[in-house]
Amino acid sequence: MIRASTATFLVSLALVLVLPAGSQATLTEVGVIPPTTNPETVPSCPGSPCLAVSRTTGFQVKVGTVRSPQTAPRGGTIVAWSIMLGKPNATQIKFFNTNEGGSSEAGIAILRPQAKPNLTYKLIAQSPLVKLEPYFGKTAQFPLETTLQVKKGDVIALTVPSWAPALALGFANTTSWRASRPRPAARARVRRPRTQ
């Protein structure tokens with residue numbers, strides 16, 4: 001089950017989707033939101049608090065007036081994904097590595113909305129995980145060796161088995177995301193991301 005969060009942060013994630021258009025394929029980026037200035041759309045690390053996405057699969061539901069930014073507008077093939085990462089300092093990295101299951105890594109997951117029960121999704125495919133630490137402080141793009149097929153309406157989510165410094169802070173309640181976690185942890189962890 002995916003649960004909604006009203007926290008004021010977002011995951012920065014973009015995907016490159018090859019969509020067939022007649023006889024020629026076109027590239028479309030899914031999940032790209034317009035930059036903001038108040039607050040700025042940048043990860044919180046190495047600031048204080050430095051927040052990290054931890055042990056979850058999640059996706060943006062809305063950012064201001066943009067709704068469902070990570071939903072495929074039509075069928076196609078995902079060929080790459082990118083993520084904007086903060087640059088935590090050595091103390092913050094050690095804290096997250098110790099408390100969140102090891103070194104920072106992530107991948108993407110293709111989720112298909114299910115009719116019942118409400119707000120449930122079926123996992124369709126996943127990319128391999130990528131070690132993120134070499135890319136801290138950068139926007140990194142990862143081409144997929146094996147592309148992932150999506151249908152119109154599929155959701156492309158970020159999967160983080162440990163942690164990733166990819167949260168921005170200070171957004172109004174017009175920004176939200178959904179995340180999947182085991183039921184007992186969902187209530188506490190979605191509302192209070194790990195900080196250092």
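## Exercises on a predicted model

Thr120 is buried, with a relative accessible area of 13%. The model in which this value was computed is a predicted one.

**Exercise 1.** Decide whether Thr120 counts as buried or exposed, then state in which strand Thr120 lies and what its side chain reaches.

*Solution.* The relative accessible area of Thr120 is 13%, and the cut-off for a buried residue is under 20%, so Thr120 is classed as buried. In the chain, Thr120 belongs to strand β9, which covers residues 120-126. From there, the side chain of Thr120 reaches the backbone oxygen of Pro117 at a distance of 2.7 Å.

**Exercise 2.** Classify the ring pair of Phe96 and Trp163, and then work out which parts of the chain this pair ties together.

*Solution.* The structure holds six aromatic pairs. In the pair of Phe96 and Trp163, the ring centres are 4.8 Å apart and the planes stand at 25 degrees; since planes under 30 degrees apart count as stacked, the pair is stacked. Phe96 lies in helix α1 (residues 90-99) and Trp163 in strand β12 (residues 155-164), so the pair ties together parts that are 67 residues apart in sequence. Both Phe96 and Trp163 are buried.

**Exercise 3.** Carry out the analysis for Phe136 and Trp163, and name the cluster to which these rings belong.

*Solution.* Phe136 and Trp163 form a tilted aromatic pair, with 5.6 Å from centre to centre and 55 degrees between the planes. Because Phe136 lies in the loop between β10 (130-131) and β11 (139-150), while Trp163 lies in strand β12, this pair ties together parts that are 27 residues apart in sequence. Phe136 is buried, as is Trp163. Ring pairs link Phe95, Phe96, Phe136 and Trp163 into a cluster.

**Exercise 4.** Describe the largest nonpolar core, the elements that supply it, and the contacts of Phe142.

*Solution.* The largest nonpolar core has 30 residues, and those with the most contacts inside it are Ile78, Trp81, Ile83, Ile108, Leu132, Phe142 and Ile156. At least two residues of this core come from each of β5 (51-63), β7 (76-84), α1, β8 (105-114), β11 and β12. If residues up to four places away in sequence are not counted, Phe142 touches Val79, Ala80, Trp81, Ile83, Val130, Leu132 and Tyr135. Another core, of six residues, lies apart from the largest one and includes Val61, Ala109, Val155 and Ala157.

Technical notes: Residues numbered from 1 in each chain as written. Predicted model: local features only at pLDDT ≥ 70, side-chain atom pairs only at ≥ 80, totals over all residues. Heavy atoms only, no water. Phe/Tyr/Trp six-rings, centres within 6.5 Å; stacked < 30°, edge-to-face > 60°. Helix = DSSP H or I, 4+ residues; strand = E, 2+ residues; numbered from the N terminus. Buried < 20%, exposed > 50% of the residue type's maximum accessible area, 1.4 Å probe, protein only. Core = buried A, V, L, I, M, F, W, Y, C linked by side-chain atoms within 4.5 Å. Contact = heavy atoms within 4.5 Å. Polar contact = N/O pair within 3.5 Å; in protein donor to acceptor, adjacent residues only side chain to side chain.
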